[in-house]
Number of protein chains: 2
Amino acid sequence: MSKQEQIQATALRLFVADGFHGTPTAKIAAQAGVANGTLFYHYKTKEDLVVALYNKIQDEQAANVQAIVNKDDFVSIKFRNIFIYSVNWALNNRDKFYYIQQFKFSPHLSQISPQTQQQHTVGYFAVIDEGIRKKLLKQQPVSLIISMFNGHVYGIYQYLIANDFEPAEKEKIINDGYEMLWDMVKYM
Amino acid sequence: MSKQEQIQATALRLFVADGFHGTPTAKIAAQAGVANGTLFYHYKTKEDLVVALYNKIQDEQAANVQAIVNKDDFVSIKFRNIFIYSVNWALNNRDKFYYIQQFKFSPHLSQISPQTQQQHTVGYFAVIDEGIRKKLLKQQPVSLIISMFNGHVYGIYQYLIANDFEPAEKEKIINDGYEMLWDMVKYM
DNA sequence: ATATTTATAGACCAACCAGTCTATAATGCC
DNA sequence: GGCATTATAGACTGGTTGGTCTATAAATAT
């Protein structure tokens, strides 16, 4: 890992553990094994670091969703895959998932233009839009379905981390969760 | 409003606008029209204030849900009423709703015992538990249904504030949102 | 009336921390 | 080899801020 990556990884861990405020830049630098000046060489301000971290995670996430979207599957399969992937990603990257939420409920969010924010959902959008047009999904606005989709991922995630399940149980819950989501959004 | 209430109201507004860190206690005191010492008389520390505010909102919210639960209605009606109420409450008290989320994704949450956290959902729990037992709701764990319920409220809320609807449209969306939630959780 | 408790005020300070500054080291380029 | 750029280091500081302290005023009890 380059020094910059070390800074990012350490910042992510500390921001999640202690909050933006609770994490001095000096502590990030120290735990990343770099000097104070190095941190400010790579990021002009602390805020820059906070925002860069957010964008990095969102871009990474958007790219993975895009990969699913680009596959040559039926829409319904894509829809399901995105859901399953999203839940698993959240479970396997709790820090990142938490960081995104934390960021979204902070004044830092105002640093991200609405356009950029929308770009992070472009993969979802395409699939859901297609689903609605092909009358596989309810005739509701795409952004409403996306909101519900996200709310649902969030709900299942909360439930799974609040308890401690075996892998098999966990998988069943995710599948059941998907079936419930599908009951909710499918065209009838 | 007593001085203490002025402090609370001002703190809520400023914390939501500028974050916990971005809000000095001196600013809260000044804008509340009280002296610095007064703030620290009522709250031993800044953290105390942050936590007290959270508990106050949650208690208020829990009491209102409880009022719905205590009504002599069918379970399905109660379930619906709680949903409609929750969404409307969030819309009419955006600061409070945002504050709760902000708090939940902050290190301050660790100040709240799991027991206390659970207590805030006791109203929901009773209704959903009854719904499951009477086979009106799917045979899934109560806490999973609660998670999904909350996720759904959150999703609808996000959608409604991201756009600017007429009251009539808004009501329709909430109702449609409820129907979708019901499709998801109803026993079949 | 007097004593005690509660509430308010505002000056003050010690600690902390984001960001600066200067000095090198490494890397790439001609 | 020398020149420029990039990367790293770490000491230093000025402004900020949570919390303390002391002094009163208001309310309550005896």
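Reader: Which elements do the buried residues of α6(B) pack against?

Author: This is a predicted model, so keep that in mind throughout. The buried residues of α6(B) pack against α1 (3-18), α4 (46-70) and α5 (75-92) of chain B. The buried residues in question are Phe97(B), Tyr99(B), Gln102(B) and Phe103(B).

Reader: Why does Val185(A) count as buried?

Author: The cut-off is 20 or more other C-beta atoms within 10 Å. Val185(A) has 22 C-beta neighbours inside 10 Å, and therefore counts as buried.

Reader: Where is Val185(A) found, and in which helix?

Author: Val185(A) belongs to helix α10 of chain A, residues 167-185.

Reader: Which residues is Val185(A) in contact with, leaving aside its neighbours within four places in sequence?

Author: Contact needs C-beta atoms within 7 Å. On that basis Val185(A) touches Leu137(A), Lys138(A), Ile145(A) and Met148(A). Take Leu137(A): it lies 48 residues from Val185(A) along the chain, yet their C-alpha atoms are separated by 5.6 Å.

Reader: What share of chain A counts as buried?

Author: Chain A has 188 residues, and 31% count as buried.

Reader: How many helices and strands are there in chain A?

Author: Ten helices and zero strands. Along its principal axes, the C-alpha trace of chain A spans about 60 × 40 × 30 Å. Consider contacts in chain A between residues at least 6 apart in sequence: 63% of them join residues at least 24 apart.

Reader: How many residues of chain B are in contact with chain A?

Author: 29 residues of chain B contact 29 residues of chain A. On the chain B side, the elements giving two or more residues are α6 (94-104), α9 (142-162) and α10 (167-185). The largest share, 13 residues, comes from α9(B). By class, this side of chain B has twelve nonpolar, 14 polar and three charged residues.

Reader: What makes a residue count as near DNA strand D, and which are the closest?

Author: Its C-beta atom must lie within 6 Å of the strand. 17 residues surround DNA strand D, and the closest are Lys3(A), Val34(A), Ala35(A), Gly37(A) and Tyr41(A). Elements giving two or more residues to this surface are α1 (3-18) and α3 (36-42) of chain A, with α2 (25-32) and α3 (36-42) of chain B. The largest share, four residues, comes from α3(A).

Reader: How does the surface near DNA strand D divide by class?

Author: That surface has six nonpolar, nine polar and two charged residues.

Conventions:
Residues are numbered from 1 along each chain as its sequence is written. Chains are lettered from A and ligands numbered from 1 in the order in which they are written. This is a predicted model: local features need pLDDT of at least 70, side-chain atom pairs count only at pLDDT 80 or more; totals for chains, interfaces and linings use all residues. Ala, Val, Leu, Ile, Met, Phe, Trp, Tyr, Cys and Pro count as nonpolar, Asp, Glu, Lys and Arg as charged, and the others, Gly among them, as polar. Two residues are in contact if their C-beta atoms, placed from the backbone, lie within 7 Å. A residue is buried if 20 or more other C-beta atoms lie within 10 Å of its own, exposed if 12 or fewer, and partly exposed in between; C-beta atoms are placed from the backbone.
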